[in-house]
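Thanks for coming. I will take a few minutes to walk through one structure.

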Amino acid sequence: MNRRQLIQKLSGLFGGATLLKMAPSAFAAPTTFAVSKSPAQWQQLLSPASYNVLFEEGTERPGSSALDAEKRSGTFVCAACSNPLFKSSTKFDSRTGWPSFYDFIPAGIVTKTDYKILFPRTEYHCARCGGHQGHVFNDGPKPTGLRYCNNGVALQFIPADQALPELRT
């Protein structure tokens, strides 16, 4: 049995196969993105924590982001390229310690399957720059039943009374 077969068998035992069905295949992550920079260029533009999450697929500590408690009206954009990802009207308190949303702005994100913890999870990234945002789970509120669990350092909040930033190229 090869590694992939083992992971598939284990995912069936832990219910991971259900997670694969959550994200439509139309949102599968492309291999190239509209905004492409070298690691050194991204490191010059981002904090070390943001770079780690966005381009090394790290995870910030739960409860460490002020954006988890953000309740104002506005838009959450990608911290790397300023692509609009979530409206504040879709944010909810998941009590996980990370900003969570039940829906995203169309064309804002793409997904891929992540096997880092042995069973498959649906990971999502910014559709413009490929920056890792978080994972989507099927334990969210209506109307979607989904929870987009986002790393706060991968986002920037823009209040409704301010113009969205220019998209980074």
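I will go through salt bridges, then a hairpin, a helix and a few loops. Please keep in mind that this is a predicted model.

Salt bridges, then. In general, side chains of opposite charge can pair when their charged atoms come close. How many salt bridges does a search of the whole structure find? It finds seven. I will go through some of them.

Take Arg121 and Asp114. Their side chains meet in a salt bridge, with N to O at 2.9 Å. Are these two residues buried or exposed? Both Arg121 and Asp114 are buried.

Next is Arg147, which forms a salt bridge with Asp139; their closest N and O atoms are 2.8 Å apart. Here the two partners fall into separate classes. Arg147 has a relative accessibility of 11%, so it counts as buried, since buried means under 20%. Asp139, at 47%, counts as partly exposed.

Then there is Glu123, in a salt bridge with Lys116, where the closest N and O atoms are 3.2 Å apart. Glu123 counts as buried because its relative accessibility is 0%. This pair belongs to a network of salt bridges that links Glu57, Lys112, Lys116 and Glu123.

Where does Glu57 lie? It is in the loop between H4 and E1, just after H4.

Let me take H4 itself. This helix covers residues 48-56, and its buried residues are Ser50, Tyr51, Val53 and Leu54. What covers the buried residues of H4? The cover includes helix H3, residues 39-45, along with E1 and strand E7, residues 132-137.

Strand E1, residues 74-78, pairs with strand E2, residues 84-87, in the antiparallel sense over three bridges. Val77 stands opposite Pro84 in E2. The two strands form a hairpin with five residues between them. In the turn, Ser82 has a positive phi of about 70 degrees.

That brings me to backbone angles. Most residues other than glycine have a negative phi, and most peptide bonds are trans. Glu57 is not a glycine, yet its phi is positive, at about 55 degrees. With a relative accessible area of 23%, Glu57 is partly exposed.

Arg95 is also not a glycine and has a positive phi, of about 60 degrees. It sits in the loop between strand E3, residues 91-92, and strand E4, residues 100-101. Arg95 is exposed, because its relative accessible area is 75% and exposed means over 50%.

Which residues does a cis peptide bond join? They are Lys142 and Pro143, with omega at about 15 degrees. Pro143 lies in the loop between E7 and E8.

The last stop is Asn151, in the loop between strand E8, residues 147-150, and strand E9, residues 155-159. Is Asn151 buried or exposed? Asn151 counts as buried, because its relative accessibility is 3%. Leaving aside neighbours within four places in sequence, its contacts include Val53, Gly58, Thr59, Glu60 and Trp98. His132, Gln133 and Gly134 are also among the residues in contact with Asn151.

Terms used: Residues are numbered from 1 along each chain as its sequence is written. This is a predicted model: local features need pLDDT of at least 70, side-chain atom pairs count only at pLDDT 80 or more; totals for chains, interfaces and linings use all residues. Side-chain values use heavy atoms; hydrogens and water are left out. A salt bridge is a side-chain nitrogen of Lys or Arg within 4 Å of a carboxyl oxygen of Asp or Glu. Buried means under 20% relative accessible area, exposed over 50%, partly exposed in between (1.4 Å probe, protein chains only). Two strands pair if DSSP finds at least two bridges between them. Helices (H or I, at least four residues) and strands (E, at least two) are DSSP runs, numbered from the N terminus. Contact means heavy atoms within 4.5 Å.
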